[in-house]
Amino acid sequence: MKRIIVAAAFLLGATLSIAAGDSKVTFVGHEQTAKGGSLATAPNLSITIAHRTEAGMVEVHDKETDTFYVLDGSGTIVTGGTMTGGSVTGPGQQRGTGIDGGQAQRLAKGDVMVIPAGVPHWFKEVPTSIDYYVVKVIAP
């Protein structure tokens with residue numbers, strides 16, 4: 001368990017140091033972290049804590065690489081393949097209703113997944129709930 005926490009802290013620190021375009025330090029206290037939601041944003045990154053209780057929509061981000069670190073719970077995510085039923089929801093953002101092909105992976109507490117920009121991804125099944133950090137590195 002201790003190794004998982006250290007690995008997550010290292011991953012988060014490495015991601016932030018690589019992505020940070022300025023020298024401003026951001027601190028988020030445990031009270032805010034416990035609430036979840038948006039923790040930090042910058043032009044080239046965002047960090048949130050997400051909570052899901054059900055399946056979501058397929059997402060494709062043209063310029064955002066997502067890194068998930070599962071804090072609690074579990075779910076099945078499908079990555080890759082071809083998005084179906086998709087539409088543009090914003091600049092560089094698409095959402096859809098399914099994926100043809102792709103690979104299903106069960107995620108559980110302690111797991112880390114990195115989803116490169118442009119790869120469809122979808123929480124297809126969430127049996128009860130899943131809580132996870134999301135670190136988005138945003139390309140220019």
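Tyr-133, by contrast, counts as partly exposed, at 24% relative accessibility. Because the model is predicted, local features need pLDDT of at least 70 and side-chain atom pairs count only at pLDDT 80 or more, whereas totals for chains, interfaces and linings use all residues. Residues are numbered from 1 along each chain as its sequence is written, and side-chain values use heavy atoms, with hydrogens and water left out.

A pair of aromatic rings is described by the distance of the centres and the angle of the planes. Rings of Phe, Tyr and Trp (its six-membered ring) are taken to pair if their centres lie within 6.5 Å, and the planes count as stacked when under 30 degrees apart, as edge-to-face when over 60 and as tilted for the rest. By this rule there are four aromatic pairs. One of them is formed by Tyr-69 and Tyr-133, which are stacked with 6.3 Å from centre to centre and 25° between the planes. This pair links distant parts of the chain, since Tyr-69 belongs to strand β4 and Tyr-133 to strand β12, 64 residues apart. Ring pairs also link Phe-68, Phe-123 and Tyr-132 into a cluster.

The secondary structure of the protein chain amounts to two helices and twelve strands, with helices (H or I, at least four residues) and strands (E, at least two) taken as DSSP runs numbered from the N terminus. Along the sequence the pattern reads α-α-β-β-β-β-β-β-β-β-β-β-β-β. Of the 140 residues in the protein chain, 36% are buried. Among contacts (heavy atoms within 4.5 Å) between residues at least 6 apart in sequence, 77% join residues at least 24 apart.

Leu-39 illustrates such relations at strand β1 (residues 37–42), where this residue is found. Leu-39 counts as buried because its relative accessibility is 14%. Beyond its neighbours within four places in sequence, Leu-39 is in contact with Val-28, Gln-32, Thr-33, Ile-47, Thr-48, Ile-49 and Tyr-133. Leu-39 and Val-134, 95 residues apart in sequence, are 9.8 Å apart in space, C-alpha to C-alpha.

Strand pairing, which requires that DSSP find at least two bridges between two strands, places β7 beside two partners, β3 and β6. Four bridges join β3 to β7, and these strands run antiparallel; β6 (residues 87–90) likewise pairs with β7 in the antiparallel sense, over three bridges. Arg-95 in β7 is the bridge partner of Glu-59 and also that of Ser-87. In the hairpin of β6 and β7, which has two residues between the strands, Gly-92 takes a positive phi near 70°. Gly-85 lies in the loop between β5 (82–84) and β6 and is exposed, with a relative accessible area of 56%. Apart from residues up to four places away in sequence, Gly-85 touches Arg-95, Gly-96 and Thr-97, and the C-alpha atoms of Gly-85 and Arg-95, ten residues apart in sequence, are 8.0 Å apart.

Arg-95 is also among the residues that lie nearest the centre of the second largest pocket, together with Arg-52, Glu-59, His-61 and Lys-136, out of 18 lining residues. On a 1 Å grid over the protein atoms alone, a pocket is an open set of points where a 1.4 Å probe fits, with protein on both sides within 12 Å along at least five of seven lines, and lining residues have an atom within 4 Å of a point. The volume of the second largest pocket is about 240 Å³, a volume being the space filled by probe spheres set on the points. Elements giving two or more residues to the lining of this pocket are β2 (45–52), β3 (58–61), β4 (64–79), β7 (93–96), β11 (121–125) and β12 (130–138), and the largest share, four residues, comes from β4. The lining residues divide into eight nonpolar, four polar and six charged, where Ala, Val, Leu, Ile, Met, Phe, Trp, Tyr, Cys and Pro count as nonpolar, Asp, Glu, Lys and Arg as charged, and the others, Gly among them, as polar.

Arg-52, situated in strand β2, counts as buried because its relative accessibility is 19%. Residues up to four places away in sequence aside, Arg-52 touches Glu-59, Phe-123, Val-126, Thr-128, Ser-129, Ile-130 and Tyr-132. The C-alpha atoms of Arg-52 and Pro-127 are separated by 9.9 Å, although these residues are 75 residues apart along the chain.

Definitions and conventions: Buried < 20%, exposed > 50% of the residue type's maximum accessible area, 1.4 Å probe, protein only.
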